[in-house]
Amino acid sequence: MNEAKSIDYEKIANLTDIQKDALREIGNIGAAHAATALSSMLKETIMIDVTSSHIIGIEDMQNELFGDPSDKVAGVFMQVTGSGKHNLLMLFPFENTLQLVDKFFNRPMGTSTELSSRDESALCEIGNVCACAYLNSLANLLDITLFPSIPGLAVDMLGAVLQYPVLEIGMRTDYIVIIQTEFIRDADRFKGYFLFMPDDEVKDQIMKKFKVV
Amino acid sequence: MTSKEIFVEVGGHRVATNPTVLKSVGIGSCLSIILYDPVNRIGGMAHAMLPYYEEGRDSHNPIKYVDTSIYILLDELVNKGAIRERIIAKLAGGAQMFAFLGAGTMNIGERNIKAAKKTLKKEKIRLRSEDVGGDRGRTVILDIVTGDVTIKTVSRDEVMII
């Protein structure tokens, strides 16, 4: 740890526990819609599990969230515009990414060991559909407009995949709000994450909606 | 002799003397800045995130920025006994992880590389070698014994030494 990491960004961001609950609730709503979209694409049930909201310094991005920065993951990243400017990242451990594309293309589980370019396109499309479901539910609820950019895919070390989405917001603020939802399919311990990183504009809308300003 | 391995975290920096290995894992658009005195075998590594202190001014952690990382590493190396004129620099990282982010979007990796080169030039520090840009994440390892910087990626088993 370096000494700079003891800063309490939650205090700087000035969020109460109730406000953090509101952020988690938003994550639950968005991710539930995304999980439904994913379930219908894969023709089986994907459940959302735990949602947590984090307010962290951008230098803490690798510490608290998901473990080892050298883990190989696939990340589908979309910039979100309309009301404000936000980032949305869907992350899967690499093993689960292979299961996901096998399932998507109706191949027996375990067929893939690497991703073909067709698999990569499919992942982007899955990301896009889930992001639209996530963002539409938020936009309706908060009465704002949110559009995702075209999706970008990176298959690499977790640390490296996280950096761009976090730094892009870090250019504008010192701390970042990350709403993280885990989704699972129990049978194969399939796991993935949604990370929504709203900017202050949407954060304020959320607080107004839940009347926790 | 086995060297002690020290991890350099995002937004952090470490300076070490012989024999030590400094390591940063999973560098994407961030930049690993390495300064090294090959005679006294004193080296430092910073894992900087954004180009210029001036643009963010987060005084809680100036290592977050490329330019201030270079100043701080340089001063700490000299304090530990490195001779300023002998210090060389190596750079690794600054990737653009998501290929679709083409023209018009901010390429943070590229900006970090430029900021580092500009600051090194200003401080008259020689850039000995680099492995920067591209679209791959890197793990960067500095061996203080030799000054070699080993770079690993996930895509291939290849290991590169700069």
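Helices here are DSSP runs of H or I with at least four residues, and strands are runs of E with at least two, both numbered from the N terminus. This is a predicted model, in which local features need pLDDT of at least 70, side-chain atom pairs count only at pLDDT 80 or more, and totals for chains, interfaces and linings use all residues. Residues are numbered from 1 along each chain as its sequence is written, chains are lettered from A and ligands numbered from 1 in the order in which they are written, and side-chain values use heavy atoms, with hydrogens and water left out.

I'll start with one residue. A:T181 is in strand β6 of chain A, which covers residues 175–185. Is A:T181 buried or exposed? Buried means under 20% relative accessible area, exposed means over 50%, and partly exposed is in between, using a 1.4 Å probe and protein chains only. A:T181 has a relative accessible area of 0%, so it counts as buried. Contact means heavy atoms within 4.5 Å. Leaving aside neighbours within four places in sequence, A:T181 has contacts that include A:G27, A:A31, A:V50 and A:F194.

Next, the cores. A nonpolar core is a set of buried Ala, Val, Leu, Ile, Met, Phe, Trp, Tyr and Cys residues joined through side-chain atoms within 4.5 Å. The largest one has 49 residues, and A:L38, A:Y134 and A:F194 have the most contacts inside it. Helix α4 of chain A, residues 117–142, gives this core its largest share, ten residues. Another core, of 47 residues, lies apart from it, and among its members are A:I58, A:A154, B:I27 and B:C30.

Back to A:L38. Beyond the neighbours within four places in sequence, A:L38 is in contact with A:I46, A:L100, A:I126, A:C130 and A:F183. A:L100 is also one of the buried residues of helix α3 in chain A. That helix spans residues 94–104 and is mostly covered, with eight of its eleven residues buried. Just after it, A:N106 takes a positive phi of about 55°.

Now the loops. A:K43 is not a glycine, yet it has a positive phi of about 55°. A:K43 is in the loop between α2 (17–42) and β1 (47–57) of chain A, and it is exposed, at 67% relative accessible area. In chain B, B:K124 is not a glycine either and has a positive phi of about 55°. B:K124 lies in the loop between α3 (108–122) and β7 (126–132), and is exposed, at 73%.

Last, a peptide bond. Which form does the bond from B:N18 to B:P19 take? It is cis, with omega near -10°. B:P19 is in the loop between β2 (13–17) and β3 (20–27) of chain B.
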